[in-house]
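Subject: Structure for you to look at

Hello,

Here is the structure we talked about. Please open it and keep it beside this email as you read.

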Amino acid sequence: MSTLHEDKGRSVLPLLPLRDLVIFPYTVTPLFVARPRSIQALEMAMDGEKQVFLATQTDPQLDEPGLEDLYSHGTIAQIVQLLKLPDGTVKVLMEGKQRGELVKLLCEDDCYLAEVTPFDEPLVEESADLEALLRSVCDLFDVYVNLGKKVPAEVAGSIAGLSDPGRLSDTVMAHLSLRIAEKQELLAEPDPCKRLDSLALLLSREVEILQIEKTIRSRVKGQMERSQKEYYLNEQMRAIQKELGEHDELNKEIQDLEETILKKRMSKEARDKALGELRKLKMMAPSSAEATVIRNYIDWLVELPWKKGTRDRRDIDRAEQIMDDDHYGLDKVKERILEYLAVQALVNKIKGPILCLVGPPGVGKTSLGRSIARSLGRKFTRISLGGMRDEAEIRGHRRTYIGAMPGKILQGLRKVGVRNPVMLLDEIDKVNNDFRGDPSSALLEVLDSEQNSTFADYYLEVDYDLSDVLFVATANSLHGISRPLLDRMEVIRLEGYTEDEKLHIAKSYLIPKQLEIHGFEACQVAFEDNAIYQLVRGYTRESGVRSLEREIANVARKLARRLVQSENRQQKFCVSANQLRELLGVARFDYGVREEKSCVGLATGLAWTEVGGELLNIEVAILPGQGTFTVTGKLGDVMQESSRAALTYVRSRWRELGLEKDFYRQMEIHIHVPEGAIPKDGPSAGITMAVALVSALTDRPVDRDIAMTGEITLRGRVLSIGGLKEKLLAAKRAGIRKVLIPEDNSRQLEEVPEVIRDALQVVSVGHMDQVVEEAFDLVVPLPAARAKAPTAPDSDALRH
């Protein structure tokens, strides 16, 4: 059978599919053939004229390619040599002869035959452009050979002697590392000049890539040489130190430190900083001061919890149970923490809330922080800010200072060893500032959830992420907190406890705790309810329970002494109200203290202090004089202005109150607030001063069972006040039956415990005339103008 015949300018040749390889004319290439069909095609060619058609597969993974799996253009090649190998494969040496186009694929039983259209290259006339193109390709290929080092130098020499453009382009292409598609594109181009143009562009690109690779290799080599030089010098230094017998322990310590840095999960910035400082430490004498500073710095970087954290406990029911076991009441705080846990259960990561618990001393703000940590399953750390004046206490000191160290924030994190604790900032309202800086300004970054992910400590010099820390701040009042700092926190107010709440807290928490501390069995000492009420009323005066716990501890110590002195160590005690006088002495406070009788010129007001609500008696004396007005009792500016506003109201109502028009010119008016050593300020005593003035001027007593609070305006309007719950609690404690409050505060009555509301008759008033009517049972008629427009100023008030 003939292996090659022609039909209408076409040839039928055995087909040899190629994988990842393109063979050009004028090139000799060795091939290893293993596929049975390919081996049979070679044998068929050897029986004939030793010619085959070489076509490259589009997908090299196929073992049985079809017509659509082969590129349409290939090379007609001559078999130069064929050698069968012992493993069944065939090694064949091919020489490309001519381009050809695959027209049709004919399938024989044991091999493929290809119907090919061969095409000859057109003749090219010599010209200056062609010569320039030939030289350019030769020069570029010479550069390519020198940069790549993959093509033998003799190949470049042989190519330099070629003048045929077709032969030159095919020979160069055979030695370039290009993509198969790019080689096929040039193989399909019959015009030698166009092939040379395309080849020049490809060579230029490859030369540029090789130059970039050379630059990269040079840079890498330089870095490797520098690293090898440092390693060599370090080894020399170790050898010298070993000969001298020095630094063996130090080197071991530095080596251990380096391993710790590499194993520690920390930010890339921190790791690079630590390794840089460690390199400095290696070059220093261990006895130098700088070495000690660097070592301490590295220790801080390594010991901070960069990635380590605790997993939040997302069982809301259990968290609620823990907080209820630790604290009685405080529903708002508990609800906020449970909301946080609920969101955590829905979202993988949420920025921790920044809470500010505001309330009087002893209501459980600090202990509530520990309870929050327990309920979340987090660790707890506390930072006391009371009296802090130096900004460096928050941000740390720069390392240039002797004894420098990070701020208290990072100290707390290092102490607990996790990155997401509950951090209590205690007494944030008592932060001060001086020439050393303002700590509250430094706290702005700490407590800003948008900034604290990149908190910068002056000592650390690298960013630290505080966004996972749950900050809880405590304060007795908001007056000492700057507005920008307050704006970054979610304020939750903790009001004072009622007597019934204190009774429950004492029985459930304080008494068992103190009995255990003082060595009693739980059932060995019992407190009657009346005894606890007497402790609250006669021996403490506070909104919280701190003094109450102190008095319970005092009782426990007295009983412990009696138990030790008696012979029966199993003796049981029952503490009643009558026994408290024997154990604690005379009661220090009078419970339910109000005036013994209703008096002229005396009105009872309600005030808020940092320890809760208090009664505030306002006294007014009228004396003969020439129109002087005196205010005493160590009052602040706001309170003094309120007294003048009260007097102006009374002057504007002279006719309705039955006074002479110029009454104030014929007398001396003196307003005094008792307990003159205690500073007092605020506008909420305005209506009380006005009532006391009316009482003194009209000679009518004020009912002793009435207390009041509210700010007064020149038009007689009563404005809202703060601390309503504490003030009502103080009124109930003092035995007051009726309380006058501003209308604007009536909506807050829902937040007041029901036991307080039931014990008091709370009356909302919007104008001072209503206050006078309630206090004296005296109807003050409103002028017609005011009845029509309550906000219009009174003409008499403006005239006076």
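Which elements do the buried residues of α17 pack against? They pack against β15 (525-527), α18 (529-538), α19 (546-565) and α23 (724-733). Packing here rests on contact, meaning heavy atoms within 4.5 Å. Buried means under 20% relative accessible area, exposed means over 50%, and partly exposed lies in between (1.4 Å probe, protein chains only).

Some background. This is a predicted model, where local features need pLDDT of at least 70, side-chain atom pairs count only at pLDDT 80 or more, and totals for chains, interfaces and linings use all residues. Residues are numbered from 1 along each chain as its sequence is written, and side-chain values use heavy atoms, with hydrogens and water left out. Helices (H or I, at least four residues) and strands (E, at least two) are DSSP runs, numbered from the N terminus.

Back to α17. This helix covers residues 499-517 and has a kink of about 50°, centred on Ala506. The bend at a residue is the angle between axes fitted to the seven residues ending there and the seven starting there. Ala506 is also one of the buried residues of α17. Others include Leu503, Ile505 and Leu510. Just after the helix, Gly519 has a positive phi of about 85°.

Now the loops. Most residues other than glycine have a negative phi. Asp20 is not a glycine, yet its phi is positive, about 55°. It sits in the loop between β2 (10-18) and β3 (28-33). Asp20 is exposed, at 54% relative accessible area. Glu461 also has a positive phi, about 65°. Its loop runs between β11 (455-456) and β12 (463-464). Glu461 is partly exposed, at 40%.

Best wishes
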